[in-house]
Amino acid sequence: MKYLDVSQLVFRQTAGGMLSLDVGQDAAYPDISCVQLFPLSHPLRYVSVCERCGGGLRELGVVRDCADFAQQQRELVLRHIRLSYFVPEITDILRISGRRGTDTWDVETDRGNTTFTVQDHKENVSLTDQGVVFVVAVDKCRYKISRPGLLPPRARALLDKNLL
Amino acid sequence: MRTKNETASEGNTIPARLREFLSKNYASEQLRCAESGDITREGVFGAEWLVVTDRRVLVLSLDEPQPALLDAFDFSSIRGAEAVNLVGSGMLSLTTTEGPHRIISYSEAKSASFTEAADVIARLARGETAQEPARAASASENVCDVCGSKIPANASRCPRCSNKGRTFVRITDFARPYARLLFLVFLFMMLSTGCGLITPYVSKVFIDYIFRPDAATGVFRHASWLPLAALVLFAAYAAQVFLGGVQERFSGALGYRTVYDVRAAIYEKLHNLSLSYFDKHQTGALLSRVNQDTGELQRFIVDFFPLTLESLLLLAGVGTFLLILSWQLTLLILIPVAITLVFLRRIFSRVGVYFHRYYHRRSRLSALVNDALSGIRVVKAFGQEKIEVEKFDKRSASYRDAGVDLVRKWSVYHPLLQFLIMCGGVIVWLAGGQRILANKMTVGSVVAYLGYLAMFYQPVLTLARLVEMLTTSLSAAERVFDVIDAEAEVEDAPDALSVARLRGAIEFREVSFGYDPFKPVLHDLSFTVEPSEKIGLVGKSGAGKSTIINLICRLYDVDKGEIRVDGTDVRRVRYADIRRQVGIVLQETFLFSGTIYENIAYARPDATREQVIDAALAANAHEFVISKPDGYDTEVGERGGRLSGGEKQRIAIARAILRDPAILILDEATSLVDAQTERKIQEALDNLTRNRTTIAIAHRLSTLRNYHRLLVIDNGRLVESGTHEELMEKRGAFYDLVMLQRELSQIGSASM
C-alpha cells in the first residue's frame with residue numbers, strides 16, 4: 001500500500017466545485033475523490049485518494065489520518081468526503097407513523113430534517129455487531145444511527161419499537 | 001413546453017415560480033428537461049433544480065421567493081455530461097471548455113432521473129436532438145399514482161395503498177377448490193360453539209330448579225330432573241369437544257391444502273422468472289417468501305381465520321345470553337371490559353417490543369452458530385475457537401438478557417390483566433348479589449352469568465389482537481402475491497420461432513447492456529463468431545466477459561442493439577430452444593444433492609445409463625467414479641461437498657457433454673484445480689469442444705493459446721481481437737495482461 005505524505009499534498013477546490021490535488025512539484029490532478037476505507041469504524045483514518053478517470057477511480061495512495069492535515073486542508077477534504085458519502089446520521093426521530101406494514105419516519109439528521117418511508121422494518125432496520133443501526137428507505141437511501149444510546153429517550157423508544 | 005420528464009419523478013412538477021422565471025428570462029428557448037435534486041451543494045437535504053433548454057443548462061435554487069440562478073452553461077461550452085454514482089448519492093458533472101464542473105447533487109433515489117438528464121445534456125452537447133428520456137417512464141413507475149409514495153424496488157404495488165380486502169379475497173380464491181371443506185369448517189364451528197353456550201345455562205337449571213326446595217314444604221320438587229340435566233351437561237361437553245376436534249381437523253386440512261397450492265404456485269413462478277428478478281431480490285428474502293411467508297399464510301388459514309370466526313360467533317352468542325340473563329348487569333360489566341381492552345392495547349405495544357427483541361436476539365444467536373459451524377474448518381485452521389466462543393457468549397448473554405427483560409415485563413402485565421378480568425367477577429357478585437337480595441335475579445342466573453362472563457373474555461382478547469394479526473398475515477400474503485404476480489423480463493415473443501438445432505453462429509450488433517439499466521456494463525459491443533469457432537474472452541475482472549455469456553444464454557435481454565444466433569435475433573427465438581442448445585461449465589460448479597448419476601443426467605433426464613457413462617468417460621470422470629464405493633450411485637452431498645474441486649468440475653463437463661450443445665460456454669472452467677487435474681480436465685474439454693462453437697473465459701491466458709480468436713474486453717468495450725500470436729505481436733492490452741500474469745507467476749514461484 002502506498003501511503004501518502006500529507007506534507008506533499010495540496011488540495012484545492014476548483015471553480016467547478018471539484019477537488020484537485022497537487023503532489024509536490026511533480027504532479028497535478030484536476031479531479032480527485034477521497035474515499036473512506038473505514039467509513040463506520042474509523043471515518044477519519046485511512047482515506048484513499050483517487051483520481052477520477054474514464055468513469056472509474058485510480059488510487060494514488062492512502063492518507064493514514066486526516067488529523068495529519070493542516071486545518072484548512074482537513075476541512076476541505078472532509079467537506080468533499082461529506083459530499084461523496086451520503087449516509088445521513090439520524091440524530092432524532094420525531095415520529096414514526098405506521099400504516100399497513102409501511103412506516104413513515106420523520107427524522108432530524110446531520111444533513112437536515114427529512115421524511116422517508118420504510119417497508120417491513122424487520123428487513124430494513126438492522127443493527128450491526130458494532131452497534132450501528134442502519135435504516136434503508138424504500139428508495140434505497142440509507143440512514144445510520146452510529147450510537148443509538150445517544151438518541152433522545154423518546155426517539156430511542158420509537159427505535160426500540162421498530163428495530164427488532 | 002412541458003416534457004414528459006417534468007413529471008417523471010415524485011414531486012417533480014415544475015413549481016409555478018420557476019416556470020414564471022423561465023418564461024420571463026428564457027422565453028425563446030425550448031425546455032428539454034427539468035429535474036429537482038434533493039441535496040444542496042453543501043451536502044444537506046434541500047432542493048436545487050436542473051433545467052435543460054435547447055441552448056443551455058441551468059441550476060437554480062428556490063430557497064428565496066425569487067429563483068436564484070446558481071450556475072449556467074451554454075451548450076457551446078459543454079463537452080460532455082456524466083451522472084457520477086457516489087455513496088448514497090450522485091452528482092451530475094459537466095465537462096466544459098474550462099474543465100469539470102459539479103453542478104448538482106442528488107440522493108440515490110433520484111439517480112435514474114439524473115442519469116437520463118445527463119444523457120439528454122450529452123446528446124444536446126453533441127448536437128443531436130434530445131429525444132424523450134428513454135426511461136423516464138420507469139422512474140415514474142416507482143411512485144404510487146394514488147398516494148404519491150415511493151414504491152419499494154422489490155414490490156409490484158404500493159404497500160400503503162394495497163387493498164387488504166382484495167388480498168383476503170385472493171387468499172379465499174386459493175381456498176375455493178376446497179369450498180366443501182370450508183363449509184364443513186363453518187358448520188362444525190357453529191355446532192361446537194352452540195354446544196359450548198348451553199353449559200352455563202344448564203348450571204342455572206341445576207341451581208334454580210333442581211336444587212331449590214319448595215319454599216313452603218322444603219321438598220325438592222324437580223329432583224327427578226337431575227339425571228336428565230346431568231346427561232344434557234355431559235352431552236353438551238362431549239359434543240363441544242368432539243365437534244371442535246372435527247372442526248380442527250377440517251380447518252387444518254383446508255389450510256395445508258390451500259397453502260400447498262400457494263407454495264406450488266410461488267415456487268413454479270420463481271423458476272419461470274428471469275434472472276434479472278433474482279438480481280433485484282436477495283436469495284434470503286425469496287427463501288423467506290417461500291418458507292416463512294407461506295408459513296404465515298398457513299397460520300392465518302389454519303389458526304387465525306377459524307379462531308376469528310369462532311370468536312365472533314362466541315362473542316355474539318355469549319353477548320346474547322348475557323343480555324337475556326340481565327341487561328343491567330351487562331351494562332355494568334362493560335366498564336371492566338373497556339378498561340381491559342384499553343389495557344390490552346397498551347401492553348401489546350409495550351410488551352411487543354420485548355417479545356420482538358427476544359425473538360430477534362434468538363435468531364441472531366442461531367445465525368452465529370450456523371455461521372461458525374458451517375465454517376468450522378476455517379475456525380480451526382486459523383485457531384480462532386476462543387474468539388468464536390467469546391462471540392457466542394456475547395450474543396448468548398444478550399439473548400439471555402432479552403429473555404429476563406421479557407419475563408420481568410410480562411410478570412407485571414400478565415397478573416394485572418388477570419386481575420382486571422377477575423374484577424369483572426367481583427362486580428357481578430356485588431351487583432348481581434344486590435339483585436338477588438332484591439329478588440330481581442336468581443342465584444342460578446348469577447352463576448350462569450359468571451360462566452358466560454368467563455367465556456366472554458376469550459373472544460375479546462382474541463379480537464383485541466385482530467388488527468395486528470391480520471396486518472401481519474395479510475402483509476405476508478401480499479409478499480407472496482408479489483412474487484406470483486411478477487412478470488418475467490425475458491419472455492417469448494408471441495411469434496417466437498422454434499429452432500430444432502442451431503449451427504452456432506453468434507453475432508453481437510452494437511450491444512449495450514447493464515444489470516441496472518442506468519449503469520451500463522457493455523457499450524456498443526459488436527463481434528461475430530462462426531459456427532464451430534473457438535473464441536476466448538479476455539479482460540480484467542469486471543470488464544464484462546461474464547455479462548457477454550449471460551446475454552448469449554439469454555438470461556437477460558439487451559438494452560440496445562441485438563444479438564443474433566444463426567442470423568436471427570435471439571429475442572425472436574424461443575428461449576427454451578436457445579438454452580437447450582447452450583452448454584455451460586462454470587468456475588464454481590454447482591452440484592445438487594443426489595448421486596453422481598443424477599447430477600450428470602440433469603442435463604438430459606431422458607438419457608440412458610450408457611449415454612451417461614459415455615459422457616463421464618469423455619469428461620475423464622469415469623476413472624474417479626469407479627474408485628468410489630457406490631460408483632455412479634455415490635451421493636455427492638450438499639452442493640457436491642463430498643467431492644473434490646476437480647471431480648466436481650469433471651462432472652460438470654460430463655453434464656455439458658451429455659447435453660450435446662451447439663454452443664459451449666466455459667467460464668474459468670479450470671481455474672480452481674491443480675496442474676495434474678487441469679490436464680485431465682483440459683483433455684475432457686478438448687473432447688467437449690470438438691465441432692462446437694466455444695466461448696471461453698480463462699484466468700490462465702495460456703490455456704487459450706489454441707483458440708481460433710481472442711476478444712479482449714475492457715470496460716465493456718472490445719479493444720482488441722486476433723489470434724494469441726497476433727495479439728502478442730501487437731503488444732497492446734492482451735500483451736500487457738500476459739506480461740502481468742507472467743510477472744505474478746514469477747513472484748509466486750520465487751516466494752514458494
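**A tour of chain B**

Start with helix H2 of chain B: 12 of its 15 residues are buried, so H2(B) is largely enclosed by the rest of the structure. (Buried means under 20% relative accessible area, exposed over 50%, partly exposed in between, with a 1.4 Å probe and protein chains only.) This is a predicted model, where local features need pLDDT of at least 70, side-chain atom pairs count only at pLDDT 80 or more, and totals for chains, interfaces and linings use all residues. Residues are numbered from 1 along each chain as its sequence is written.

Select residues 111-125 to see H2(B). Its buried residues include B:Phe114, B:Glu116 and B:Arg123. Then click B:Gly127, which follows H2(B) and has a positive phi near 85 degrees.

Next, show H5 (residues 179-210) and H12 (residues 443-464) of chain B. They pack at about 160 degrees, with axes 7 Å apart. That makes H5(B) roughly antiparallel to H12(B) (angles over 145 degrees count as such). The crossing is right-handed.

Zoom in on the contact (heavy atoms within 4.5 Å). On H5(B), pick out B:Pro200 and B:Tyr201, among others. On H12(B), the residues include B:Gly451 and B:Tyr452. The contact residues divide into 10 nonpolar, 5 polar and 2 charged.

Now go to strand E8 (residues 506-513) of chain B and select B:Glu510. B:Glu510 is not a glycine, yet its phi is positive, about 45 degrees. B:Glu510 is exposed, at 54% relative accessible area.

Finish in strand E9 (residues 522-529) of chain B, at B:Asp524. B:Asp524 is not a glycine either, and has a positive phi of about 40 degrees. B:Asp524 counts as exposed, at 53% relative accessibility.

Key: Chains lettered and ligands numbered in written order. Heavy atoms only, no water. Axes fitted to C-alpha atoms, helices over the stretch in contact; angles between N-to-C directions. Helix = DSSP H or I, 4+ residues; strand = E, 2+ residues; numbered from the N terminus. Parallel < 35°, antiparallel > 145°, perpendicular 65-115°, else oblique. Left-handed = near helix turned anticlockwise from the far one by under 90°. Nonpolar A, V, L, I, M, F, W, Y, C, P; charged D, E, K, R; others polar. Expected span 1.5 Å × (residues − 1).
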